[in-house]
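Visitor: I would like a quick tour of this molecule. Could you take me through it, one question at a time?

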Amino acid sequence: MDKLIQEHRKRFGEFEVIEFVDEQKLAGLRDQLNLSVPVGLNWTWTYGSEVAELRNLYEKGKVNQWNAETDLDWSIPVSNDEFIVNPELSLLAQATKLLGKDEATQKAAAFDEINYLLSQLLHGEQAALQLCGQLTNCCPTMDAKFYAASQVADEARHVEVIAKFLQRKVGTIYPIGGTLKVLLDKLLEAPTWKTKTLGMQCLFEGMAVGIMDLVQKTNRNPLIADIITRVHQDEARHAAFGILTMRRVVKESTPEERFEMEDFAFDILETLNANQQLDMMKLFGPKYGLDGPNVVQLMHSLPEWPVINSEVYMHTVIPNLVRLGLITERSESKWRDRGMMVGTHLQARSALPVVA
């Protein structure tokens, strides 16, 4: 089977990357707003709780609500005159520094990078909002329907708060990257609730938890910190919903079904990983005099590259997939070859509890 987004792949040495170079095709991809999504509908006449852990997660979500408009201090300034993130942990700040750019340019580059990342998170939150609406229809138990419905409200709030930040404090919402658009469309078009749950709740929500933790580590702005803290606490529950649901699904599946889920998880995240920030580099490279492919190749030449690259994957997604039995000896070497998994198998298994 062809790899996802095969037509946009090329090799950098031993590593395969995805880069969208045709602006017209990329614009067409972004203009594709209407999707034909097959969503089944499952009635259930069991209104009591069948899955106590999911009902407990739903109850926890009801008491952890917040208001994006009134619970944050929107008067906090956000400026590209300051390093709003640690420059040592910003790809664009470091790249412009190596080119001898002045500190003002480095600050602007770091500012652009964090706002590009938040824009991509925003687009992902919209996809989660729509997918969880699908899950309220197609999940088979009332516990799952209750939680999916509560997550719809969470995701609406996430879209609201990140959009308000970008509109009020930045003035720009950057367009969705080509790789992310293809993958989110694939999840929204997935034919079964099991595939949708695995893709969005386990893979993308797990990635969101890891990304937000990294943002918090590097962030220096209190408004961004407050937003990420609030969204992160919701995302951790969402990832937990996926793991609790898929644990039961995997346990009851046939070997062939497990292989299919194992391959699906790898294909989605390998494709996300193969982009290697090239969508962002294409957008900002001309502005800062950076050659995106050269920057990516330089990063790949670093001895510590696998550790750096795998950090976001090893935070939540990899440990949970190992526990679910969706990374096995059959697929483990592929994750390591792509720089997405480091350490021993046992370390991946024990890094985090199943419920993020």
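Visitor: Which residue in β2 is the bridge partner of R9?

Guide: This is a predicted model, in which local features need pLDDT of at least 70, side-chain atom pairs count only at pLDDT 80 or more, and totals for chains, interfaces and linings use all residues. Residues are numbered from 1 along each chain as its sequence is written, and side-chain values use heavy atoms, with hydrogens and water left out. Strands β1 (residues 9–12) and β2 (residues 15–18) run antiparallel, joined by 4 bridges; strands (E, at least two residues) and helices (H or I, at least four) are DSSP runs numbered from the N terminus, and two strands pair if DSSP finds at least two bridges between them. In β2, R9 has as its bridge partner I18.

Visitor: Which residue takes a positive phi in the hairpin of β1 and β2?

Guide: The hairpin has 2 residues between its strands. A positive phi near 65° is found there, at G13.

Visitor: With which residue does E16 form a salt bridge?

Guide: Side chains of opposite charge can pair when their charged atoms come close. A salt bridge here is a side-chain nitrogen of Lys or Arg within 4 Å of a carboxyl oxygen of Asp or Glu. For E16, the closest N and O atoms are 3.0 Å apart, and the partner is R9.

Visitor: Are E16 and R9 buried or exposed?

Guide: The classes rest on relative accessible area: buried is under 20%, exposed is over 50%, and partly exposed is in between (1.4 Å probe, protein chains only). By that scale, both E16 and R9 are buried.

Visitor: How many residues apart are D234 and R237 in helix α8?

Guide: Their side chains meet in a salt bridge, 3.1 Å from N to O. Both D234 and R237 are buried. Helix α8 covers residues 222–251, and the two are separated by about one helical turn because their spacing in it is 3 residues.

Visitor: How far apart in sequence are the parts that D263 and R330 tie together?

Guide: D263 and R330 form a salt bridge, with the closest N and O atoms 2.9 Å apart. D263 sits in helix α9 (residues 255–275), while R330 is in the loop between α13 (317–324) and α14 (332–337), so the pair ties together parts with a sequence separation of 67 residues.

Visitor: Are D263 and R330 buried, partly exposed or exposed?

Guide: D263 has a relative accessible area of 25%. R330 has 40% relative accessibility. Both fall in the class partly exposed.

Visitor: How many salt bridges does the structure hold?

Guide: Some of them share partners, joining K3, R9, R11, E16 and E270 into one network. For the structure, the count of salt bridges is 25.

Visitor: How many disulfides are there?

Guide: A disulfide is a covalent bond between the sulfur atoms of two cysteines. The rule here asks for a pair of cysteine sulfur atoms within 2.5 Å. The count is 0.

Visitor: How far is C138 from the nearest cysteine sulfur?

Guide: C138 is in no disulfide. At 5% relative accessibility, it counts as buried. The nearest cysteine sulfur belongs to C139, at 5.3 Å.

Visitor: Which element gives the largest share of the lining of the largest cavity?

Guide: A cavity is a set of points on a 1 Å grid over the protein atoms alone where a 1.4 Å probe fits but cannot get out, and lining residues have an atom within 4 Å of a point. Grid points are joined across faces, edges and corners, and a volume is the space filled by probe spheres set on the points. The largest cavity has a volume of about 30 Å³, and its lining is L118, I162, F165, I224, I227 and I228. The largest share, 3 residues, comes from α8.

Visitor: Which element gives the most to the lining of the second largest pocket?

Guide: A pocket is an open set of points with protein on both sides within 12 Å along at least five of seven lines. The second largest pocket has a volume of about 660 Å³. Its lining has 28 residues, with T192, K194, T195, V249 and M261 nearest its centre. With 6 residues, the element that gives the most is α9.
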